[in-house]
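Me: Could you walk me through reading salt bridges in a protein model? I would like the general idea and then the case at hand.

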Amino acid sequence: MSSDIALEPDGIYLRFCRRVRESPDAPALILDSQACSYAELNERVQCCAAGLLSRGFMKGDVLASLLGSSMDFVVGALATFAIGGVLVPLNPRFQADELRHYLESSRPRAIVYPAALQSTVNGLDSPIPLRAHCFDEFSQAAGAMAVDPEPHKACLYMFSSGSTGASKRITRTQAQLLAEYEAFSATIALSSRDRVLCTLPLYHAHGFANAMMAALLSGAALVLTEGEFNARATLSAIASFGISVYPSVPFMLKMLAQTRLAATPDFSALRLVISAGAALPADVQTLFAERFGVAISQLYGSTETGAMTINVLSAAGKPQSVGRPLCGYALEIRAEDGSVAGAGETGEIWFRSAAMTRCYDGLADLTAEAFVDGWFFAGDVGYRDADGD
């Protein structure tokens, strides 16, 4: 099924539509053992986009999503990008005061939230004209729509505390998200043959980019779990769905490694397990490899930049390294005087890529401190060994 929505050459939705045309019947999303093909997912996205437009949602408008990891979240994200809107993915567990802060900062025209949050949303007294419990409430039959999303305009708002501890709004564009996808997929050799398991929250940068976006823009199958993380169900999913790529976080990997099983699951298709969000303890790395025969690759990144580095050579004897920058990225370790540190010398991490944001919205002083001459000062300390890792 081809799209009726005309987009700029570098639009996210157009990239997705290329996958639809290439393999319309291939599974795009597998949820609760139910597969949705690329053509079927695209039809849902088109209907959602058409419904939003019919209700006055326009290019540049902001849509806040309080939906957890679900079909609805995926559909809403792609539909928002298709019509040039700005998505704000928010944690549905936010307390009212937290939620009020994020909504005041992003000023959405539309909000979609679970029915269980109805009273919370009602109590916010926010002037949001379009409200719904699911994107089906916005959907209508899709018609021809000529919409240009302008890839260098805002498409995603996320929030980061970073090194300051204060919440900062970060804007990223479709071009920046595509740059991250291209670097990440090239570095890990992601393709339409892969099956990517996502047990991560999609409102977080790791799950959003390294699972959802990476899978759907590559033509791979995204296997998505809903609700609380369940170690046994995750191990079963990896084996039964033939998962080949599993982005995760340390606490999930620890639970998997410590889960008692009657028999070792078949992980023969699993070629890459990615840990991000915090340092991976060495004992978890060792136990996971001993139990399942798969080494864990550590990824280093941030909300401001997306993925920066990944250790795809962890099996070669450096399990605690976060590896090297993604394809086309630049990273330097700088001494206190600003010079580039030598091998083994500890210093501040500076990063540069086409994928990173360029500022903190409305925070000129913090922007000046963190973004210097095209580089981002991550606020972290590290070093490179003699091999450059």
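**Salt bridges, pair by pair**

Reply: Happy to! Start with Arg172 and Glu180, whose side chains form a salt bridge with N and O 2.9 Å apart. Keep in mind that this is a predicted model.

Me: Are Arg172 and Glu180 buried or exposed?

Reply: The idea is to compare relative accessible area with a cut-off: under 20% means buried. Arg172 has 4%, so this residue is buried, and Glu180, at 3%, counts as buried too.

Me: How many salt bridges are there by this rule?

Reply: The count comes to 12. One of them joins Lys59 to Glu150, at 3.0 Å from N to O. This pair links distant parts of the chain, 91 residues apart: Lys59 sits in the loop between helix 2 (38-54) and strand 4 (62-65), and Glu150 in the loop between strand 8 (145-146) and strand 9 (154-160). Lys59 is partly exposed at 41% relative accessibility, and Glu150 is partly exposed at 27%. Lys59 and Glu150 also belong to a salt-bridge network with Lys153.

Me: Which residue forms a salt bridge with Arg109?

Reply: That is Asp61, with the closest N and O atoms 3.6 Å apart. Arg109 is in the loop between helix 4 (96-106) and strand 6 (110-112), while Asp61 is in the loop between helix 2 and strand 4, so the pair ties together parts 48 residues apart in sequence. Arg109 is partly exposed at 30% relative accessibility, whereas Asp61 counts as buried at 17%.

Me: And what is the average pLDDT of the protein chain?

Reply: The average is 90, and 94% of the residues score at least 70. Over residues 1-8, though, the pLDDT is below 50.

Terms used
Residues numbered from 1 in each chain as written. Predicted model: local features only at pLDDT ≥ 70, side-chain atom pairs only at ≥ 80, totals over all residues. Heavy atoms only, no water. pLDDT = per-residue confidence, 0-100. Contact = heavy atoms within 4.5 Å. Salt bridge = Lys/Arg side-chain N within 4 Å of Asp/Glu carboxyl O. Helix = DSSP H or I, 4+ residues; strand = E, 2+ residues; numbered from the N terminus. Buried < 20%, exposed > 50% of the residue type's maximum accessible area, 1.4 Å probe, protein only.
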